[in-house]
Amino acid sequence: MRTWRWVSVLAVLVLVLAACGQQPAATPDEGSEPPASGSESEAPEPSASEDVDGGEPTAGGTLVFAGARLAASLDPALTSDGESFRILQQVYEPLVDLAPGTTDELVGVLAESWTGEPSDTEYVFTLREGVTFHDGTPLDAEAVKFNFDRMQNFSEEFQGDAYYYGALMDGFGAENLISSVEATDELEVTITLREPSPTFLFGITLTPFSIVSPAILESTNADDAATSTFGTDVVQGGTGPFVLDDYVPDDSATLSRNEDYWGDPALLDSLIIRPIADPAARLQALQGGSVQGFDLVNPSDYETVESEGFSLVERLSFNTLYLGLNPVARENAAAAESGVAEVYEGEESPLQDLAVRQAIEMAIDKEALIEPFYGGRGSVADTFMPPSSGWSDAILAGVEPAEFDAEGARQLLEDAGFNAENPATIHFWYPTEVTRPYMPDPRGLHEAITQMLEDVGFVVVPNSDIWDSPGYLFDAQNGFYDLHFLGWTGDYDDPSNWYGVHFGYAQGEPAAQFGCDVDGLEDAISAADAELDEAARGEAWAEVAGLIHENVCFVTLAHGDTALAFTDVVQGYEPNPTGSESFQSVWLSE
Amino acid sequence: MGKFILRRLLLLIPIMLGLTVLVFLFIRLLPGDPAGAILGERATPEAVERVRTALGLDRPLIEQYWEYVSGLVRLDLGTSFITNRDVTDDFLQRFPATVELTAAAMIFALTLGIPLGMLTAKRRGSWLDSAGTVVSLIGISIPIFFLGLMLKFLFAIHWPILPDSGRIDLIEYAIPRVTNMMTVDAILAGEFGGFVDALRHLILPGIALGTIPLAIIMRITRASVIDVLNEDYVRTANAKGLASRVVDNRHVLRNALLPVVTVIGLQMGLLLGGAILTETIFGWGGVGKWIYDAVVNNDYQVIQSGVLVLAVIFVLVNLAVDVSYAFLNPRIRYS
Amino acid sequence: MTQATGVMTATHEDRPIGLWTDALRRMRRSPAAIIGGTVVAIFVLMAMFAPFLAPFDPTRGNLADSYLPPSPEHWFGTNVQGQDVLSRIIFGSRLTLGIAVLSVIFGVAAGGLLGALAGYFRGWVDSVIMRGVDIMLSIPGLLFAIAVVTYLGRGFVQIAVAIAILNVPIFARLLRASLLSLREADYVIAARSVGVAGPTLLLRHMLPNAISPLIVQGTLALATAVVDAAALGFLGLGPPDPGTPEWGMMLSDTYRYLNNAVYLAFFPGIAIVLSVLGFNLLGDGMREALDPKLRR
């Protein structure tokens, strides 16, 4: 009998615990209580959470927000992914940035003004007065010089992680794009380039080019790979609207308002970012009330989010999923003695035949992918440029998109000499442990496209690897994969950030990832990159795009639409197609 | 007794040595090169060579092994090649979370498993016994990841009465981390509400992780209580007219719990494995997810230190269980 | 096996019926064994006759049919590819049972060999093997399997090997313990006294009697192997071909869509629970039937 009692006491205890803390603050229906807030769940515009109907912005409160993960490193220069940027750009600021909500307008941040045209090699930045780092040291021209010199002189251990600096400044060391960075006055910095770079200013808007307090860089030994603690310690080295208070890997990053911010101070008292890798689990956390907002809503959940009274903040699509084709992948893998080479068993790649590549392009019904994988919100990618880009029409003028034609694809394949006895065998790779805005379900997409290819007579060998280096990304970018998924979210709106970054030649060699060596492509890219007149630049890049698509170096598949979800007390989040967004203007109604 | 403990401690030495060799060799057999992992896509052969030198990977295996073991002895677990974070720090930050979760699961399993086992044993053959047997069989057969998903769906999403993930409500309670065990830290901070909230966060993951041990403990308790109930001394006690409560406590429970103690030790290994799944599902920042990520990302330093520390802890727990077993059971003679 | 039975009946004069006949008879009276055996038989038949039972091709679907809820045409609904979930579960039984059986065979073979060596030779061989077993048991099982799969790759056989490795120490300990207790058994002493020695003693007199706990443990190990295989799939370490119907992978793939299509995660989960339950029941029933101590 006693045992009975004991069991029932336990059961009651659990029930009491379950009942006693039903969170009032975070349940979705709670937000409708405040008076005068009106019916906001009806607002259909993407910017439903803006302050249109939530009353006047008020300061105060804590926002718990879920991303897919925390930062790869706390050193902004060593990061290259959106999840790291999300946290670090609240803390660190660049000289100039994209204006909120735009992809091609620049505004000064730490630089109040600047001179320098796309055709120039000299840029003069006048810094804002009275800006101090979170550690109390002042921002001056020397600090800016210190940061740029640091990145230019990164030792090899850091160079792999300092991806953006290397990619945008032509590598590291004295021979790269940057000729000199000089403090020409207390608040004046002059950056001289070796040659004109029309996109230089756009490049330095990125989080890796943020300015960090030199005192902090020195005290954390930031430049010594063996002893540096800058990437791991919680330090007060930024100038941004939030200060990093606490950082527990895999658990949470806690930021609080910078009371001494040079601009309008943030409205939130504190911002906590939690990593939840799975999009479904992020939505569950919003439904369960443990977070009040999250990024990268699974497209298939858009309806759920809206029907349950949460607000959906959609970004204009600024990304593209593509299928990379590499005719020389097998040689590359063998030459590099990569483990990938083993799967090819020395066979010759059918992708060397243009007709086979065309057959692949024709076999894929891009339209069919949009509904199941992008919740109907994405769009078919005819070119690399997403619809929100100002260049998409100009580029499309130079590209003739292939129509889906399974019969035609089969015919092409047969004419190329492949049939049931002698099938075209391709190895097709997808990444695991990852979802990206352009790639919500890599496995599912792989399976769907495999079926389309098999339907026209290809033999597809599935392969996969984990996303993080030295896995999938490394092998894909080094050109070891026959056929692979990858995509791109633009950093700013210029074709050079799309076609240029992917297909640019280095020392006369085509980009390893695609092995796309087309006659005239190298010259076309150089010419397009140097073209400064906007209309002519569009035409020049359209010519580049034409060459690439004609030769089927890749097949652009889809533009994914991305969105954030918030409980309806969260107001004032300003989405940007690039995903580069500040929480400074976010506030909680109530 | 002292001799028994000493013998068990001595036995630990070859096991520990074997473990270090196994872990050390295993990660050096793993495909991929840590230097390549660090350099990423900009890896030139020369750069890889320089990084290998910096990491000491070009030295003879014996030398590397010595470095590894002497580091372990100094409690210096090294630095992660991938995140550049100090492995000791990371471990200490996460391990308390896993301890908390494991403890919750174990408490759930014991507080329900032992009484239910006794109950079903005393009513052997009744409908209650049959129901108990069926429930415990299902409990053993239900995978943690399926149970966890279903619990979360039912009690956090469909009927939102419990938190879906995390360890505490971060908006309501800003609790300074002292021990990294949320319940303890909340008490240290004098936040009773925070303590209750932390307990609520433990319920679903605790049940998900504790169900299999619950079922096993229930079965073992039932079986051993039945054995004890058939012993002469219990029959005598009952015949003497001792109150059943006294018989239960003084004679049955104490003797019947002996086999249960052993099972608890064995369950620890299962719990650590299960923590990988539970932590993934409930967003629990513990050591399970950390080790899992290290293995799939080839984070050698974390694997070679983390796995070893976990194994050592498991071995020590089992040793403690064996020793307490010896204390509890005077009948056992250790030679 | 018949030969073994002969040996045993001859040595155990007090038992009128052979152990196996007796065990079978008692198993038929055990409801656990009957239910478990039936469930297992159903899954085995499902795996064998999958092509005849499955209403649709498990790997072909139409993207236009994705996420259909359960209906008379698709009993368990369809997944994102528009594939029939029921058909995938039916075909999935092949992979899951295949991995489970293969892993137990590997595990019994390797563990049994180690246990036999340790139990027969004793001395330093025993010490070395048993310390190795202790080391293996001190690493959390699932973690060990994850590491092995990361190292070997994610093929069918590799996954089976990874799970088998978890079973090796268990079988090794089991067989060693039985052999040790059998060394002192009257009939072994008797056999030894008439000059039977070496491998003959081990193979003909000791092993057959040590085999029944091995069979029971093997059946129970099938249950854990099903769970382990599904757990690896759930964690994304299943077979690399995303089209492969595997219960754990189906569960984790659809977990993503749990919010609006719960049934997608529910059915593969239930398939795992049922098959595991079947093996556990059967194992329990066999243990009761084969263990002389539990005879009523």
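**Notes on the predicted model**

1. In the contact between chains C and B, 32 residues of chain C touch 32 residues of chain B. The structure is a predicted model, so every value here is computed from predicted coordinates. On the chain C side, the elements that supply two or more residues are α6 (123–137), α7 (141–152), α10 (198–234), α11 (247–255) and α12 (262–290) of chain C. Of these, α12(C) gives the most, with nine residues.

2. What is the make-up of the side of chain C that touches chain B, in nonpolar, polar and charged residues? It divides into 24 nonpolar, six polar and two charged residues.

3. One helix pair across the two chains can be described in detail. Helix α7 of chain B (residues 144–158) and α12(C) have axes that come within 10 Å and cross at roughly 145 degrees. The crossing of α7(B) and α12(C) is left-handed. From α7(B), the contact uses Phe146(B), Leu149(B) and Phe153(B), and from α12(C) it uses Val262(C), Ala265(C), Gly269(C), Ile272(C) and Val273(C). By type, the residues of this contact are seven nonpolar, one polar and no charged.

4. Now chain C itself. Chain C has twelve helices and zero strands, and its pattern along the sequence is α-α-α-α-α-α-α-α-α-α-α-α. Of its 296 residues, 54% are buried. Taking the contacts in chain C between residues at least 6 apart in sequence, 69% join residues at least 24 apart.

5. Two of the helices that contribute to the side of chain C touching chain B, α7(C) and α10(C), also pack on each other, at an angle of about 60 degrees with their axes 11 Å apart. The crossing of α7(C) past α10(C) is right-handed.

6. The residues in that packing are Leu142(C), Ala145(C) and Val149(C) of α7(C), which meet Asp228(C), Ala231(C) and Leu232(C) of α10(C). This contact of α7(C) with α10(C) holds five nonpolar residues, no polar ones and one charged.

7. Chain A contains a sheet. Seven strands form this open sheet, in the order β8-β9-β10-β1-β11-β19-β12, with mixed pairing. Why is one side of β8 (242–248) and of β12 (311–315) of chain A left without a neighbour in the sheet? Both stand at the edges, and each has a single partner strand. On average, neighbouring strands of the sheet are turned by 20 degrees against each other, direction ignored.

8. Within the sheet, strands β9 (residues 252–257) and β10 (residues 270–275) of chain A run antiparallel and are joined by four bridges. Ala253(A) has Ile273(A) in β10(A) as its bridge partner.

9. Helices also pack on the sheet. Helix α2 of chain A (residues 82–91) touches β1 (62–67), β8, β9 and β10 of chain A, and its direction makes about 135 degrees with that of β8(A). Helix α8 of chain A (residues 279–288) touches β1, β11 (293–295) and β19 (562–566) of chain A, and its direction makes about 170 degrees with that of β11(A).

Terms used. Residues are numbered from 1 along each chain as its sequence is written. Chains are lettered from A and ligands numbered from 1 in the order in which they are written. This is a predicted model: local features need pLDDT of at least 70, side-chain atom pairs count only at pLDDT 80 or more; totals for chains, interfaces and linings use all residues. Two strands pair if DSSP finds at least two bridges between them. Axes are lines fitted to C-alpha atoms, for helices over the stretch in contact, and angles run from 0 to 180 degrees between N-to-C directions. Two residues are in contact if their C-beta atoms, placed from the backbone, lie within 7 Å. Ala, Val, Leu, Ile, Met, Phe, Trp, Tyr, Cys and Pro count as nonpolar, Asp, Glu, Lys and Arg as charged, and the others, Gly among them, as polar. A residue is buried if 20 or more other C-beta atoms lie within 10 Å of its own, exposed if 12 or fewer, and partly exposed in between; C-beta atoms are placed from the backbone. A crossing is left-handed if the near helix is turned anticlockwise from the far one by less than a right angle, and right-handed if clockwise.
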